[in-house]
Amino acid sequence: MTASKRNRALTPTELDRFGAELDALRARTVAQIGRVDADYIRRVVAVVRYTGLLGRLLLMVGAIGGAFVAWLFWPGVILGTALLALSKILENMEVGHNVMHGQYDWMRDPHLDGKTYEWDIVATGDNWRKTHNYMHHTWTNVRGMDDDIGYGLLRLFPEQRWRPFYLLQPFIAVVFALLFEWGVAIQELRVGRWFTGKTKHRAMWRKFVPVGRKMGKQMLKDYVLFPALAGPFFLPVLLGNVVANVIRNLWTYTVIFCGHFTADAEVFPKESVRNESRGHWYLRQLRGSANLSGGKWMDLMTGNLSHQIEHHFYPDLPARRYAAMAVEVREICGRYGQHYDTGSLPRQFGQVMWRILRHAWPSRPRARRPLVRAEAVEAQG
Amino acid sequence: MNAALHPASHRPRSRLRRLIAPLVVPQVFDFWASRLHPTWSWERPLARIVGRSEASADAVTLLLAPNRNWAGRRHEPARAGQHLMIGARIDGALVSRSYSLSEAGRADGRIAITVKAIEGGKLSRHLHRDARVGDVLELGPAFGEMTLPARVDGRWLFVAAGSGITPLMAMTRQLAAQGMPVPLTLLYWARRREELCFVEELRAIAAAHPNFRVRFLLTRQEPRAADEDAGRIDASLLDAHIDDLAARQVYACGPGGFVANARGLIEARAQAFAAEAFTPPPRAVEDTGTVAVTLARSGRTLELARGESLLTALEAQGLKLNSGCRMGLCNTCSCGKSSGATRHLHTGDVHAEPVSSLRLCVNSATSDLVLDL
Ligand code: FES
């Protein structure tokens, strides 16, 4: 079943009420934000630091200790890598992503400041604030405005023009997943425009300098400094770091793709955002996003992006609030005849993989059904 | 005690610190350092409360031990009469206000502030009621011009009302520590006796130094002791307690109205007059007319219309500002606000607290503002 069959077009009046109800929910939640949210994010930061430290220590124990006491090797290296990956995932999702949205700016803690936070991946926070906070969140799933649709690399919607290059997409998607943080790092550089000569070398270089510096810093830390601490036994530590980063890449890729590229997710033409009302904006966010069901652990490990819909409605509210808001959001959507796209990780990711495979081949856009219908139609019907 | 935030001045770094700085992520460093000691930090000036005593019925004196990042520990030590920003976490958020030092220049490097609990004052009530020995506070550098000259001479008069006593007390203590080298009179107003701070100590200083005289003036109670009197500040009361005003150098400190009165009564008659008033906390909230918006970093002040988003209003003045969604979503346009009241255009709520992130695209000015731009 396609999304448009599950959703009904709203009249402008309904759309306004829809928006007002979601705004009211926002106001109710904002009024509750306080100490519990601050304590929560501090606790997560502590978990990030301790798991990170423990992971790195275990890697050392495995690498160095394993050279002398053989049975220490595998448990140390595997457990260390797993903990390091866990630490990196939490830092990336629950701390980095959410803090950079300004969710904790009200705390006035310089270390949790949305404008200056720098996360533990090769992409710079500054570029992310632009491509993600601004471009992606304002123009969610609007073709030509939201770069996150396929990241300029993949064809995920039939509305995107097909080219033979996309036949390679199943393969490219896997490589992209493995190197996801690097993909995010160069997203804002728009390398494509440079290849085709639209961006001058000088301009490209100027944009690259901060990105390159961040890349260098990350590589120095994970692939030189920490392995070097193990001296002659650096190799397992190096591998542990590489694997931890790859695990994090695969996980974040999975979560993010499940958020916008499930079977029911829609894309929108540029015209649809002209003079967009608040209700209309909410509706577009809803139709372009999808949740993951799975409870508390899923919420934590995805940085609450398991509530992608709520995140898109309220990107600047502390993400731990989404789970509670979701109950009401779902109810509101139900009342307005809007499909609330949620499902288990295997189900949603299955749909994403289907999209990747299907649209590697030529595909034709389905007929568009508008989000809004004229008031008069309602009166007749 | 005024409400402007001052940027933290960073102390010059040691060579070692400069060398390893590129390798240090401050938030990681601070996390681990604070596990070892509550005020260890890479560059944040922090202080631990090491002493707490009641100063009056509604005021408390806190003795603070600043860490090494605080400017006053190395260069430019804090001077009596200055004030500094104090910040504490209240309900998860950092709340900062400026307080006068009630004691500066101690040999052990500690400083004291005396805080009067103010009706509706978030931080003052927190410090008064909940702050405990061992708590950690954020510190700003000490600032303020009303300090004693390096060489004190002549005859002096201090005029204080309410918490205006704090900076003058610091200076009195400093002079007492120097053996009271000049004649000094302190006239100290409060509504009632229980609200007076430092009474014992002031009387002890007066007993020890014939050069120092203190008079407590009560506006809502009858005088009982020999050094007490009743009445608001006026010419006859001044004349009753000071017979050589023309020869005096005067410092006055207290609420805005009091300082204005004192200035009117004293400035023309005394040898010198300096004063400091607390900014009156309530600001007029209106949505028509214009306000003065001060851009703290560029030092400009602009007249802006109320009721319009600050982003549009500032851009109309020719400012180039970062912006993205222009709908309160992406946080691109946010900047710090150190004083003034704003209204959120979507919710209509008015916010008067200083904040580190004000989204210019969805807020309008309702009073004069100071922005970190
Ligand atoms: S411009 Fe996006 S929040 Fe103001």
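**View 1. The interface between chain A and chain B.** In this predicted model, chain A brings 33 residues to the contact and chain B brings 34 residues. The area buried between the two chains is about 2,700 Å², and carbon and sulfur atoms give 54% of that area. On the side of chain A, the residues that lose the most area to chain B are R49(A), R108(A) and H111(A), which together make up 29% of what that side buries. The size of an interface is often given in this way, as the accessible area lost when the parts come together.

**View 2. Polar and charged pairs across the interface, and the elements of chain A that touch chain B.** Three salt bridges are counted between chain A and chain B. In the pair shown here, the side chains of D316(A) and R359(B) meet in a salt bridge, with a distance of 2.9 Å from N to O. For polar contacts, the rule finds 12 residue pairs across the interface of chain A and chain B, with both residues of each pair at pLDDT 80 or more. On the side of chain A that touches chain B, the elements that give two or more residues are α3 (35–68), α5 (125–138), α9 (201–229) and α11 (278–288) of chain A. The largest share of that side comes from α3(A), which gives eight residues. Sorted by class, the side of chain A that touches chain B has 14 nonpolar residues, eight polar residues and 11 charged residues.

**View 3. Helix α2 of chain B and its cover.** Helix α2 of chain B spans residues 26–36, and within this helix Q27(B), D30(B), F31(B) and A33(B) are buried. What covers these buried residues of α2(B) includes an element of the other chain, namely α3 of chain A.

**View 4. The surroundings of R368(A).** R368(A) is found in the loop that lies between α15 (345–358) and α16 (375–380) of chain A. Leaving aside residues up to four places away in sequence, R368(A) touches E159(A), E266(A), V267(A), F268(A) and P269(A).

**View 5. An open sheet of three strands in chain B.** The strands of this open sheet in chain B follow the order β17-β16-β19, and their pairing is antiparallel. The edge strands are β17 (350–351) and β19 (363–365) of chain B, each of which pairs on one side only. Strand β16 of chain B, residues 342–344, runs antiparallel to β19(B), and three bridges join the two. R343(B) has S364(B) in β19(B) as its bridge partner.

**View 6. Two residues with positive phi.** Most residues other than glycine have a negative phi. R108(A), although it is not a glycine, has a positive phi of about 55°. R108(A) lies in the loop between α4 (73–100) and α5 of chain A, and at 12% relative accessibility R108(A) counts as buried, because the limit is under 20%. F198(B), which is not a glycine either, has a positive phi of about 60°. The place of F198(B) is in the loop between β8 (184–190) and α5 (199–208) of chain B, and F198(B) is buried, with a relative accessible area of 8%.

Terms used. Residues numbered from 1 in each chain as written. Chains lettered and ligands numbered in written order. Predicted model: local features only at pLDDT ≥ 70, side-chain atom pairs only at ≥ 80, totals over all residues. Heavy atoms only, no water. Contact = heavy atoms within 4.5 Å. Buried area = accessible area lost by both parts, 1.4 Å probe. Salt bridge = Lys/Arg side-chain N within 4 Å of Asp/Glu carboxyl O. Polar contact = N/O pair within 3.5 Å; in protein donor to acceptor, adjacent residues only side chain to side chain. Helix = DSSP H or I, 4+ residues; strand = E, 2+ residues; numbered from the N terminus. Nonpolar A, V, L, I, M, F, W, Y, C, P; charged D, E, K, R; others polar. Buried < 20%, exposed > 50% of the residue type's maximum accessible area, 1.4 Å probe, protein only. Pairing = 2+ DSSP bridges.
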